[in-house]
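Here is a short note for a colleague opening this structure for the first time. Please read the points with the model on screen.

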Amino acid sequence: MVDEQKVKAQIVETATRCYNRGLLVAGDGNISVRVAPNRIIATPSGVSKGWMTPEMMVVVDIAGNPLEPSDLRVSSEWPMHQVIYQARPDINAVVHAHPPHATGFAVAGLSLSKAILSEVVLTLGCVPLADYGTPSTRELTDAIEPFLEFHDALLMANHGAVAYAGNLEQAFNKLETLEHTCKISFIARSLGNENTIPDRAVEKLFEIRERNGAMRPEARTGQVCSISPTSPVSPISPENSEQITLTRAELVDLLMESAKLFQRQSQ
Ligand SMILES: [Zn+2]
């Protein structure tokens, strides 16, 4: 039997940590924990995550209907949590925030698609960028749904980031790792070079991740990014070598490289 009081206190502690680390401000973001298949404890709507108490947490079913009387309503972004829990029975916690570096990537139209840090490949994998969708609407859930099966964190264009896991601590860690990696990537890009780990080394990291049970073997081929060399979304389609497929991040990189070359040549 889950101790729901304890879960409520853990959500408040995680929200406070998010607030203190600047991963969200004011009424931003929301956190939920699934305590039974159709029973979820979540942060309420319109309350600063830095000033919450366990009594404020709301208990809802998967559709967001209240299961206990409360003056507060569940977060308006509940549909995002709902679609994640429906798509992934292995997920029991969702943390959504607007971390500045990760959200900066999402605003710039960039995914975290490169293997730049071995630890991140091992613990998080690549993080795709979902198209923009108006918060609290089907637009947003439709945009994130295709990525849910094989990724444990997502960037949402012109909005923020969401991470999810088997428990709350893991979900928070994934969000924190995402923000930290975006910050490092931003610094590397600012210094003028972002080297990546070679494909063969990435393969080894994926193998370790699979052995540790942190990634299902089928997730490797479902990665929507340039990290996985075995990805079906290969930059070059074998059926038609004239046709190439690039992620948004790869296209941006290519254009930036071309611009730099052009600049050098014209100097
Ligand atoms: Zn949001």
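**Notes on the model**

1. Start at histidine 81, which sits in helix α2. Keep in mind throughout that this is a predicted model. Is histidine 81 buried or exposed? Its relative accessibility is 1%, so histidine 81 counts as buried, the cut-off being under 20%.

2. Next, the surroundings of that histidine. Which residues does histidine 81 touch, leaving out those up to four places away in sequence? They are Asn30, Ile31, Ser32 and Val94. Strand β1 covers residues 30–36, and β4 covers 93–97. Isoleucine 62 is 19 residues from histidine 81 along the chain, and their C-alpha atoms are separated by 8.6 Å.

3. Helix α2 also has a helix partner. It spans residues 78–87 and packs with α5, residues 138–148. The angle is about 30 degrees, and the axes lie 10 Å apart. Angles under 35 degrees count as roughly parallel, so α2 is roughly parallel to α5. The crossing of these two helices, α2 and α5, is right-handed.

4. Look at who makes that contact. From α2 come Pro79, Met80, Val83, Ile84 and Ala87. From α5 come Leu140, Thr141, Ile144, Glu145 and Leu148. By class, the contact of α2 with α5 has eight nonpolar residues, one polar and one charged.

5. Helix α3 (residues 100–108) packs with helix α6 (residues 168–190) at an angle of about 65 degrees. Their axes are 7 Å apart. The range 65 to 115 degrees counts as roughly perpendicular, which means α3 is roughly perpendicular to α6. The crossing of α3 and α6 is left-handed.

6. The residues in this second contact are as follows. On the α3 side they are Pro100, His101, Ala102 and Phe105. On the α6 side they are Leu178, Glu179, Cys182, Lys183, Ser185, Phe186 and Arg189. By class, the contact of α3 with α6 has six nonpolar, two polar and three charged residues.

7. Stay on helix α6 for histidine 180, which lies there. Histidine 180 is partly exposed, at a relative accessible area of 49%. Compare histidine 81, buried at 1%. Histidine 180 and valine 120 are 60 residues apart in sequence, and 9.8 Å apart in space from C-alpha to C-alpha.

8. Now the core. Which residues touch the most other members of the largest nonpolar core? Among its 39 residues, they are Ile11, Leu155 and Leu178. Elements that give two or more residues to this core are α1 (4–20), β1, β4, α3, β6 (153–156), β7 (160–165) and α6. The largest share, six residues, comes from α6. A second, separate core has 23 residues, including Val74, Tyr85, Leu140 and Tyr164. Leu140 is also one of the α5 residues that meet α2.

9. Valine 35 has a relative accessible area of 16%, so it counts as buried. Which residues is it in contact with, leaving aside neighbours within four places in sequence? They are Val2, Glu4, Val7 and Ile41. Valine 35 and valine 2 are 33 residues apart in sequence and 6.5 Å apart in space, C-alpha to C-alpha.

10. Two backbone spots deserve a check. Alanine 26 has a positive phi of about 45 degrees although it is not a glycine. It is found in the loop between α1 and β1. Alanine 26 is partly exposed, with a relative accessible area of 47%. Asparagine 158 is not a glycine either, yet has a positive phi of about 50 degrees. It lies in the loop between β6 and β7. Asparagine 158 is partly exposed, at 49% relative accessible area.

11. Last, the whole chain. How many helices and strands are there in the chain? There are nine helices and seven strands. The chain has 267 residues, and buried residues make up 46% of them. Of the contacts with a separation of 6 or more, 63% are between residues 24 or more positions apart.

Methods:
Residues are numbered from 1 along each chain as its sequence is written. This is a predicted model: local features need pLDDT of at least 70, side-chain atom pairs count only at pLDDT 80 or more; totals for chains, interfaces and linings use all residues. Side-chain values use heavy atoms; hydrogens and water are left out. Helices (H or I, at least four residues) and strands (E, at least two) are DSSP runs, numbered from the N terminus. Buried means under 20% relative accessible area, exposed over 50%, partly exposed in between (1.4 Å probe, protein chains only). Contact means heavy atoms within 4.5 Å. Axes are lines fitted to C-alpha atoms, for helices over the stretch in contact, and angles run from 0 to 180 degrees between N-to-C directions. Angles under 35 degrees count as roughly parallel, over 145 as roughly antiparallel, 65 to 115 as roughly perpendicular and the rest as oblique. A crossing is left-handed if the near helix is turned anticlockwise from the far one by less than a right angle, and right-handed if clockwise. Ala, Val, Leu, Ile, Met, Phe, Trp, Tyr, Cys and Pro count as nonpolar, Asp, Glu, Lys and Arg as charged, and the others, Gly among them, as polar. A nonpolar core is a set of buried Ala, Val, Leu, Ile, Met, Phe, Trp, Tyr and Cys residues joined through side-chain atoms within 4.5 Å.
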